[in-house]
Amino acid sequence: MKRLFSREIKNTSILHLLLMATVFAFLLNGCGKRTVFYPVPEEQFPVEQQKGVPTVPKGYSSGPANALYQDATQAMAAGAFDRAELSLERALRIEPGNPYYWYTMGKVKYRQGANNQAIQFCLKSKSLAGRDSKLIRMNDELIDQIRRETSS
Amino acid sequence: MQITEISEEIRTKFDGKRWALPAQVYARPLEIYSGLYLSPDKFVKELELSGYRVETDVKTPGGYSRTGNSFRLITRPFTFPGGEEPAKAIQIQFVDNQIGSISSTISSENLPFVRFDPARIGSFHPLIHEDRVILQQDQIPEMLKLALMAVEDKKFYSHHGISISGIARAFIVNIKAGKTVQGGSTLTQQLVKNFFLNRERTLSRKFREVIMALLLEYHYSKEEILTAYINEVFLGQDGRRAIHGFALASQYYFRRDLEDLSIAQIATLVGMVKGPSYYNPLRNPENCLARRNNVLAIMFADDIIDEATYNRATSQPITDVAPLKSGFNRFPAFLELVKRQLTKEYREEDLKTGGLKILTTLDPHVQLIAEEQLSRTVEALTGNESRAEVEGAVIVTGRENGEVQALVGSKNIRVHGFNRALDAHRPIGSLIKPAVYLAGLANGYTLTTPLNDVGISLENDGKNWQPKNYDNVEHGRVAFYRALAKSYNLATVRLGMQIGLEDVVETLNSLGASYTGRIYPSLLLGSLNMSPLEVTQLYQTIASGGFYLPLRSIQSVFDNKGKLLTRYGLKVEQRFPAEQMYLLNHVLQRVMTEGTGDKFVNPQQVTLAGKTGTTNDLRDSWFAGYSGDRLAVVWLGNDDNESIALSGSSGALHVWGRVMNTMHVQPLRVPEPEQIVWRRIDVDTLRPTHIFNRNSTVLPFIEGSLSGNRPDGSSLDRGLEGLENTAREVLDSIDDLMR
C-alpha cells in the first residue's frame, strides 16, 4: 500500500491538524513511550530444536520464502547445516530484507563453526531489525555467546 | 613411421580426446512462486532458453503447453548443491504479469515454489566453435547403439578394426558405378578419420587409417570405441557452432535429452551420420525423411524393432520443434567474468577437460533487458551524430547478496571483443563522492553541517589545481546533504581536505576499492580509474547498508561425477555503522528526487537511490544506483577516451532508468536504526524549525549528534519539532499497521 504520510509534510491541511490533535491526545493519555508496532516474533523462535511443524514469526512470512525457511529449520533440526544454509540463501533471494532469515543464517554459521561469519550475519540481522528489540537482543545474545566461547 | 610411434600417438591422442570434457556453464535456476512478477511472455523466453519445447500433450520432461495465461509443463531433473531436484509435472496460472498459482498436475496440490533446471549458457571448450555434451558409456541408450551398428557397421563386435568383406564389397560396388558410392569403413575407421587424420583421399592415408584402426582396437575395448564415436561424430552446423555427438544433436534438433528420444528420432540422427548436411532435417527434410525411413527399414529387417513399431515410427514427422538456438556462449561478457573467477582456483586444463559443471548467478531475464536497453538507449542518445562511437557497459547485481545477475561489456552484444565491464578502467568522477561524505559522517559531520561551496586553489600532483563546479557557479554556504545530492565539487573538495585525504582513501578502500596509488586532492573528484565491475563492488557496500559483499558470479562447481567441489556461499562483513549508512542512503535517495538524478522518470513510483558521475570534458558518463532488490551500474564512454558530450545525468542515468523500469523492481526500504531521530530543518538557516515553515525539510540524524559535537559548533535543540517528531513516528506506525 502506498504510504499515507510521507516524510516531508508539504501542505498543512486542516485534516492533518485534526489528525495531529488526535495523536497528541493519544500521547497525553500515557502512551508517550515509543510503541513498537512491528510484528512480534513467536516465543519459540528460532525453532530448530522443535520437530514437526516449525513456528513462523508472525508478519515476517511470505509464502514461498517461508516454505524455504521451514526447509532450513528442518535441516537444522536434522543437523544438516549445509542444507539449511542453501535453503536460507534461497529464502533470502526472495525476501532479502527479512532480519529473521539473516539471524537464522547466523545460527547456521555458528553451528558450522564459522564463528566470524556467524557474528557478521547477526550484525546484518541487527542492521535490518529496525526497532524489533527482541530480535536485536537475540542477535546480541548469540554474538556474546560466540565471543565468550572463543575467548575461553 | 614405426608402428610403435603410431601406437603411442593413438594412445596419447585418444586418451586426451576421450577425457576432454569441457566445463559446462549454467545460468541461475529460475525459481517461481505465487506472487512473482514475471510476464507469461518472459516466462516463455526463459523456457526457450532452457531448451523447453512446445507440446500439445505434455508427457516428458522439457515439454510445455500454453493456453492463454495457463501453462502445463514437466521440468527436467537437475542436481543442485543440496541434492537432486526431481522432475515435476506442474500447472501454472498467470494473473496479469504475476504468477497466480502453481499446482501439481498429478495431485492438484498447490506448490509454494518450483525450481527449474537452469539453461546451459556456455562451455569452456578447447576449440571455440565446437560444442558437445559428453556421455559416459552407461548413459547411451541401447537402441542408439543397435541402430548405429545395424546401419554403419553390422560386424562391429566381431571385427578387429577393419572389415575385409566390407572393403571388398565397397570396392566391387564402386568399380561397377565408376565412382565412389559406398565406403567400406567400420565405425572404428570412421572414428580414426575424425580423430587423427585430415580429409585427403590418398592411398597412404588409407593405409595409415587401417593401421590406426587395428591399433585402436588393440588398445581399447569395443565399448570405449563406441562411446567415443557417439560423442565425437559430426552431426551438423548451427551457424558457427559445430554440433558434435549424439547428445548435443538430440538437444539441438529435438530439444530433448538423448534418453527421451523416440525411435523415429534416433533413426533420424543415425541416418544423418552419412551426410549431416544432405540429410539435414531442417534444410533437406525430404532427403532426411527418406533416409530415416531407410534406417527404420534396416532396423526392422535386423529385428531391432517389430512391425508395429516400424509402422508407427515411419508415420511420424521428422521433428516437431524448431532447432534449439540455445544460449550457448550467448553471453560472452558474463562468461569471461566466470572464467576469470574460476581460473583463480582451477587450472585452465581442468576447465577445458575436467568435465566441470558450473552453476552461475546469471539471470537471463535481467541480462537480456540490460543488453537491449544499453544498445537501444545509446542509439537513441547518440543517433547518427559524431557521438556514434559511444560505447558502454552495464552490471546488475542482487542488492543484498552481491550475485552478478547481468553483465554487458558492449552495446554490440554479439561482438565478442573488448569487455568494458571488466576492462575499461576509467576515471569515476563524482561516483567517489559518497566515500568522501561517508568519511565526513564518520568524522562527526551531520546532514546539515554547512559546507563552503566556493573556489579553492590546491597543489595537486605538483601542479596548481583549481576545481570548478559542473555548472561553473559557486553556491556558497550549502548543507552537507545538499552538496552531495547536487554533487557540488567545491564543497566536496573542501570537505575532503578538512577530513584529510588519507581518511577518504581509507573509506574508499573499506567500501571495496583497492587504491594504493599516490594520494592527491583531485582524487576527491574521482580522478582515479576504476572498471565498472570495481565500481559495482564499491556501491554494493553502500547499497547493502555498509556490509561488504564480495561480488559473485558462480554459485557452485561440480566435478564430472556430479560431486560438489566448491560452493561460493553468501558472505557478509560489516564495514560501516548502520546509522552512518542510513544517513548516506537518505541523501542518495534525495539525489533521485532533488539532485542530479532527478531527470529519472519513475513510472513504478518506487523509492530508489543512486549517484551520477561525470568526468572532465564529458568523457565518461556514469550512474550507480539501487532499488530494494537490485544494484545497477552503467558506464558510457568512448574507447579512445574522446568526449562523448554526455554527463552522468544526460547519459548513463537514461540507460540505468530504462533497465530499472523494464524490470519489476522492489522499492528501497532501509530499516531505521534505533539511534536515528528526525528533525525538521529550515533549508536556508539549516537550523531546526517548526512544522508550519514551508521552506523546510525533515532530515535524519544520529541521536548523539544532536547537541554540542557538530563540527560547526552548533547544536540542535529539541523544541516544537520534538513533538512533531514523536507524532510523525506514531503516524508512521499507524501507516505500517495499515499496510
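This report describes selected features of chains A and B in a predicted model.

## Basis of the description

The model is predicted, so local features need pLDDT of at least 70 and side-chain atom pairs count only at pLDDT 80 or more, whereas totals for chains, interfaces and linings use all residues. Residues are numbered from 1 along each chain as its sequence is written, chains are lettered from A in the order in which they are written, and side-chain values use heavy atoms, leaving out hydrogens and water.

## Chain B as a whole

Chain B contains 23 helices and 32 strands; helices (H or I, at least four residues) and strands (E, at least two) are DSSP runs, numbered from the N terminus.

Phe171(B) lies in helix H4 of chain B, residues 164–177. Phe171(B) is exposed, with a relative accessible area of 55%.

## Two packed helices in chain A

In chain A, helix H4 (residues 99–112) packs against helix H5 (residues 115–128) at an angle of about 170°, and their axes are 8 Å apart. Axes are lines fitted to C-alpha atoms, for helices over the stretch in contact, and angles run from 0 to 180 degrees between N-to-C directions. H4(A) and H5(A) are therefore roughly antiparallel (over 145 degrees; under 35 is roughly parallel, 65 to 115 roughly perpendicular and the rest oblique). Residues making the contact (heavy atoms within 4.5 Å) include Trp102(A) and Tyr103(A) of H4(A) and Phe121(A) and Leu128(A) of H5(A).

Conventions. Buried means under 20% relative accessible area, exposed over 50%, partly exposed in between (1.4 Å probe, protein chains only).
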